[in-house]
Amino acid sequence: MRNPHLSLQELVVVARHGDGERTLLRGVTLDIEEARIVALAGESGSGKTILGAAIPGLLPPGVAVTGGRLLWRGEDLRGASEARLRALRGPEIATIFQEPMTALNPVLRIGRQMTDVIRTHRPASDAHTLARQMLAEVRIDDPAAVLEAWPHQLSGGMRQRVLIAMAFACRPALIVADEPTTALDVTVQAQVLALLATLAREHRTAVLLITHDMGVVRRCCDEVHMLYAGRIVESGPTADVLRAPRHPYTRALLDALPERAAPKSPLPALPALPAATSGCAFRSRCADLMDRCHDQPSMQPSPSAPHRAACWLAPHREVAA
């Protein structure tokens, strides 16, 4: 990729507890360009939310970036001060959190919360007008009424639209969307995802969409990075990865989709085994295990140049899923 907004290079994140520590992200490398919608996909516990929090400097206490580079438009944010990170949050990097009810302050009206965010980064005189405009952009029919509402008076879908409006209000270059539809029913999920994708295209905003839902990846994302046990194990254009996955973990996730199962037949499932601590982390659950898997594979190329997978067999997997 050329001149990406965001470039993670061999990023390592560690959690320290007592006298010990646990590595949460192990050498993650990915780029995000302008106006691209990029999925970070994987099961719960793979490190998706930690990666999303590392980008704007929102890691919880005891968790820190300890290796690699986190480049934002060429600036390494690993050495950035808290003041610098605060200046980036909102006008350059915005976040949409997973649960809108906990992301919104329950004792402040929606209008107060939106205008506070806008006034932090824009002239105060146009904050109320911009808040109304943004609510209209997210297809809210009565922005004035929503500005006067308390969060508990809105449905889950409406609260998530408010968070999307707040994220886009300061015209950021990148939005980190952490499972933005998990708490919503299926119909509302589709509406919110379509809205997010539409606004991203209109404003040429890059989006890192964190998800465990491969259906979401298929519907909205230009490219996908599969995360397993803190490592990227497969990357490429969405169509290529979903058509012909080259890592057994990606194949297993796709095989478990309900639409792929025969009627009344059980869904295939991976054995519930812990990730291996050396070599390929997936090897304890992999049907293609071989001796070489005790060595950690690098990202192996394929005939489709942008499509790579961290599996020794990846160059030989050409059969479509």
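The following legends describe close-up views of a predicted model.

Local features are reported only at pLDDT of at least 70 and side-chain atom pairs only at pLDDT 80 or more, whereas totals for chains, interfaces and linings use all residues. Residues are numbered from 1 along each chain as its sequence is written, and side-chain values use heavy atoms, with hydrogens and water left out.

**View 1**
D178 is buried and has no salt bridge. Buried denotes under 20% relative accessible area, exposed over 50%, and partly exposed the range in between, with a 1.4 Å probe and protein chains only. A salt bridge requires a side-chain nitrogen of Lys or Arg within 4 Å of a carboxyl oxygen of Asp or Glu. The nearest side chain of opposite charge to D178 is that of K48, at 6.9 Å; Lys and Arg count as positive, Asp and Glu as negative, and His and the chain ends are not counted. The side chains of D178 and T49 are joined by a polar contact of 3.1 Å. Such a contact is a pair of N or O atoms within 3.5 Å; within protein, one must be able to donate a hydrogen and the other to accept it, and residues adjacent in sequence count only if both atoms are side-chain atoms. Apart from neighbours within four places in sequence, D178 is in contact (heavy atoms within 4.5 Å) with T49, I96, F97, Q98 and I210.

**View 2. The largest pocket and its lining.**
The space in the largest pocket amounts to about 550 Å³. On a 1 Å grid over the protein atoms alone, a pocket is an open set of points with protein on both sides within 12 Å along at least five of seven lines, whereas a cavity is a set where a 1.4 Å probe fits but cannot get out; lining residues have an atom within 4 Å of a point. Grid points are joined across faces, edges and corners, and a volume is the space filled by probe spheres set on the points. The lining of the largest pocket comprises 19 residues, with G90, T95, F97, V117 and M166 nearest the centre. At least two lining residues come from each of strand 6 (93-96), helix 4 (110-121) and helix 7 (156-169). Helix 4 contributes the most, with five residues.

**View 3. The largest cavity.**
Three cavities of 30 Å³ or more are found in the whole structure. The largest cavity has a volume of about 100 Å³. It is lined by 14 residues, of which P248, C280, C286, C293 and C311 are closest to its centre.

**View 4. Salt bridges R69–D76 and E75–R84.**
The whole structure holds twelve salt bridges. In the pair formed by D76 and R69, the closest N and O atoms are 3.9 Å apart. D76 is partly exposed at 27% relative accessible area, as is R69 at 40%. In the pair formed by R84 and E75, the corresponding separation is 2.8 Å. R84 is partly exposed at 28%, and E75 is partly exposed at 29%.

**View 5. The salt bridge between E259 and R218.**
The side chains of E259 and R218 meet at 3.7 Å, N to O. E259 lies in the loop between helix 11 (248-255) and strand 11 (308-309), and R218 in helix 9 (residues 214-220), so the pair ties together parts 41 residues apart in sequence. E259 is exposed, with a relative accessible area of 57%, while R218 is partly exposed at 39%.

**View 6. Positive phi values at R171 and R204.**
R171, a residue other than glycine, has a positive phi near 55°. R171 is situated in the loop between helix 7 and strand 7 and is partly exposed, at 37% relative accessible area. R204 is likewise not a glycine and has a positive phi of about 55°. The loop between helix 8 (186-203) and strand 8 (206-211) contains R204, which is partly exposed at 47% relative accessibility.

**View 7. Loop residue D141.**
D141 occupies the loop between helix 5 (127-137) and helix 6 (143-148). D141 is exposed, with a relative accessible area of 80%. The C-alpha atoms of D141 and T187 are separated by 18 Å, the two residues being 46 residues apart along the chain.

Conventions. Helix = DSSP H or I, 4+ residues; strand = E, 2+ residues; numbered from the N terminus.
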